[in-house]
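Dear colleague,

I am handing over the structure below, and after it I set out what was found in it. Please read the notes alongside the model itself.

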Amino acid sequence: MSSIHSHIRPNTFLFLRLPSDILKLLEILPNTIIEVGKLGSFPSNLLLGRPYYHTYEIRAKRDGEAYSRLRIVPPGELNADIVAEDATPSESRGEPATPSVNGQSQAYDVVSEDGTVVVKNNRLTIDDASRQALSQQEIEELKKSSGGNEVIEKILANHAGLDEKTSFSKAKYTLRKTKKYLKRFTVLPMDLGNVIEYVMAKEAPRIMELREETSGLMMAWGNVHAVVEDEVPPTNDGRRVGAGRWLVHDETGGLLVAAMAERMGILYVDVEEEEAQQASEEVKATEAPEAGLLQPTDGALENAPPYGTSAPTSHNDFPLPASTNTITLLHPAVQPNLSLMKYFGYDTNQPNPVHPMHTHLKPLSWLQLLHPDLDATYREPEKVSDAELRTYKSGKRSTHYKKLRRWSRCKAIVDETREGGFDGLVIAANMDPATILPHTIPLIRGGGTVVVYSSTPEPLIRILDLYSKDRRTAYISHLSRGEIPDSEDFPVDPRLLLAPTVQSTRARAWQVLPGRTHPVMTSRGGAEGYVLSARRVMPVEGGVEARGNYGGRGKRKADALVGGVSDAGADAAA
Amino acid sequence: MVSTFLSPGTVTKEHDLASLHLRRDQSLPVILSTRADDAEHEGYAEGVVTNTRFGAPWGSQIRASKVDTGSRGRNSQKPKKRKAETLENQENEDGTFTKDAVVASSGFVHVVPPTPENWTTSLPHRTQVVYTPDYSYILHRIRARPGSRLIEAGSGSGSFTHAAARAVFDGYPQEAPTENDESLRQDSESTGKVFSFEYHAERHRKVQDEMAEHGLETIVRATHRDVYQAGFLLEDEISHEKTSPQANAIFLDLPAPWEALPHLTRGTLEGRPSALDPQSAVHICTFSPCIEQVQRTVTALRSYDWLDIEMVEVQHQRIDIRRDYSGLQYEGLRGVNLFAADVDQAVSKLREVERRAKDFHAGKLDRDKTAKGANQSADTNSKLPFDGGKLIHRTEPELKTHTSYLVFAVLPREWTEEDEAAEQAKWSKHVKIASSGPKSQRQLKKEAKQRVKGVNGVKDEPKVTSEEAAVAINDAPAE
């Protein structure tokens, strides 16, 4: 299996984790020089074709070479310090690395007044810059003349108080100096986890502070997964239902769309397919330079299957969308904001026709969903007769065909979306989700999943209140009396969601080192991030009452059945 | 066979697994059927709903129907079991005689397609269950995507197995899984697979049965094995030939993960191939409840050259959202807090008490009593308003404060001197690469024009950003 991240490919985005633990984003182009701040620079070709997740070290320049070479640091070397520490069974604050004096371990060289030895501690530590014998100037010169490892060794050797330090503080000191002087970085692939970490550190509001664990939780409750069927199975009344179509409202700059696309297997370009496409493009380019002007006729457009996965056209600027395994994106502006998707090779302004998102992403604006007749793109372009078309100049003619292609794509997307039958609804919005739901919930199939993310709890609290049991009861009693419920009291039909739940999750990181295991001292505050999950259901007509002897106020609808079930369960167990 | 987990179809069909939603956190997995085969469905402790008619759209609310329990013979000991009737009146497919269900006056249930989430809340517990907040994060972190090859040990109650199967699913393999797995890998396009190992014979059998019942048997390959001893290689049933699962994601829910790690290395062990995918990095997660287990696991991971070792715990809470009815005006109603809502209310109550005391001493008691009684009866008749009170939220009373510690690590691809030499030869000089990204309209037009004009060498010639980029580094002697 040639996976996308098996090695570093040219013209892709990737991350370098610098010694300071900061992620650096870069696009790796062949034949260029990569500058990594104070670590130095190296030719990109030294990284291309190499594996991800390894740590690379920029080596000292050799005589006669213009650029430094890279070295893969073996994992054993990276873990060496801790493994060596681990090897000694004692996890006390002893100093296994230092040789013992007179058969007595140096660890016990601090003797208290009554003559008993105590474990070394930081009682006598002196915090003073003068304890480092090397001056800043000397260190700078050392850095120029020798590699990182030697610099660190010399610095440690010239620290007067190093022996007074406890092993832990010595380890900390060494680590700090290592981070400062070792010219190392780790290469990480462009995937969802790394993007979240990167954006979170730089501009968290751009992704609504959506953490990895929250995104994972949303994908699980949204039941987002790949669907392999090519066709939407027709129902009796000819409507399209299900088949891996998700409706999304994303205000996280494309992060949510990327997370879903990853789960659906449409986030990454199929490597083999891309290479094949490149080859065929070359052939096309040499054989038919005028291919760009060949157009399908009007008739061909009309006869083309409206939801075919691949339309037989040489143009792929406005392809007809795929029919299954798709993301339908509702966007509040004229164009969708999917700026993060460009790191995954899909730029909405300049879409890559090889990318699966080109056909599997169906964007439409709220105007197109609610008032398509007001939208210019949805309006059918004026019909032009063949005779008239022939009089057009080639530029005008190609503009005409482009308009037609854009219109047919837009029409296909809008009509399909308005028909509904989606497998699920996933929302991450700054706008009030309570105004999104009345328009979108009816478009979800029965049994479909609904997931709403909000960085603060308030919008979700309001939604839960709109779907509360008491409100639903009141709504049903309105219906059973034949009244139309007031849209102010009932902005949504409270019967359409089953068991809405609001939850929140947070992963707390720990440090695990021999004898020093504890939760990390600081982490990110800010928005906690809440997820609402529910199932879309189809209510029966008229009023429904729960059953059971749970009379009186406050009975829960489901209690009736639960009583029945627990009895049955007891029987089965008996 | 397709699975209702992954491809539920548009309507419910016979033999489909469905989830009957009773209340939150309580759903009933059932195989829809016209007959009651209780013996086969022991796994579903709650029993089976029979005589369901098919063809209801998923998500339908279904009314309960009256059941003549007396004449049902052996089922008569379950008097509370109800038939469910769908909205549509369809004929039974096989034409067997089923009594017309009569709609009961009350009671209902929702029938929804099963998902790993509702399966997790309703599954028969065999071991500690990996719940949704944990498994959703784990699957994200170990990069389980469509096409991934995932090792799970042990299978346990199967909640992670279902979620993992959904995550790696990229198509139903064409061949039966009993065939040699290696050939399957070559022939079919789908590569996503879960290799689930369990050393407890009974639990293994249950997981295997469940997978077959849920239509996931082509995606999940369950093996009965003690992985500490025998490792993770797949064994052909006939030839006993050992093949590698070529895993790139691993989840170890074992008491001693460090004992399984020697079988998860890059090198060949005693002539047997590595269980890992040689072409990609491998992500691992271990799931241990105790900190001591974590320490030993991390030590072992370090010595087996795993990198980016990180330990986290997932803290999850559900939010209870309700209306809080505090205030003296709700006196006499159930589920209210009888505290004064504000100072004014408290003062007016105190004044009322003061006035009554005064009246009492003045001997005007009778009139007061009647007034109070009338007031109260009016209150009890009214219901709490659905938009009254105060909307509040708080953590739900039952809180799982600790499930397990999750240790994550990654094992990069092995990189040999030969690999490096090959890549160096490929990339050492100035390289021509056709840009894989899309070209702008302007660029395309320009190129087309130049091609027509017959300008040579313009196509795909990358701009040389700097002459130095083309350092002939491969000429320098290798170490």
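Lys402(A) is partly exposed, with a relative accessible area of 35%, where buried means under 20% relative accessible area, exposed over 50% and partly exposed in between, with a 1.4 Å probe and protein chains only. This is a predicted model, in which local features need pLDDT of at least 70 and side-chain atom pairs count only at pLDDT 80 or more, while totals for chains, interfaces and linings use all residues. Residues are numbered from 1 along each chain as its sequence is written, chains are lettered from A and ligands numbered from 1 in the order in which they are written, and side-chain values use heavy atoms, with hydrogens and water left out.

Lys402(A) lies in helix 13 of chain A; helices (H or I, at least four residues) and strands (E, at least two) are DSSP runs numbered from the N terminus. On the surface, Lys402(A) belongs to a patch of positive charge together with Lys396(A), Lys403(A), Arg406(A), Lys445(B) and Lys449(B). Two or more residues of this patch are given by each of helix 13 (394-419) of chain A and helix 12 (441-453) of chain B, and the largest share, four residues, comes from helix 13 of chain A. A patch is made of residues with over 30% relative accessible area and no salt bridge, like charges being joined within 9 Å and nonpolar side chains (Val, Leu, Ile, Met, Phe, Trp, Tyr) within 5 Å; a salt bridge is a side-chain nitrogen of Lys or Arg within 4 Å of a carboxyl oxygen of Asp or Glu.

His110(B), placed in strand 5 (residues 102-112) of chain B, counts as buried because its relative accessibility is 8%. Leaving aside residues up to four places away in sequence, His110(B) touches Leu498(A) and Val537(A) in chain A, and Ser19(B), Leu20(B), His21(B), Gly59(B), Ser60(B) and Gln61(B) in chain B, a contact being heavy atoms within 4.5 Å.

Some backbone angles also deserve a look. Asp21(A), in the loop between strand 1 (12-17) and strand 2 (23-28) of chain A, has a positive phi near 75° although it is not glycine, and is partly exposed at 47% relative accessible area. Glu209(A), likewise not a glycine, has a positive phi of about 55°; this residue sits in the loop between helix 5 (192-203) and helix 6 (212-221) of chain A and is buried, at 17%. In chain B, the peptide bond from Ala153(B) to Gly154(B) is cis, with omega near -10°, and Gly154(B) is found in the loop between strand 6 (149-153) and helix 3 (159-168).

With best regards

Conventions
Accessible areas come from the Shrake-Rupley method with a 1.4 Å probe; for residues, only the protein chains shown count as cover. Lys and Arg count as positive and Asp and Glu as negative; His and the chain ends are not counted. The place of a charge is taken as NZ of Lys, CZ of Arg, CG of Asp or CD of Glu.
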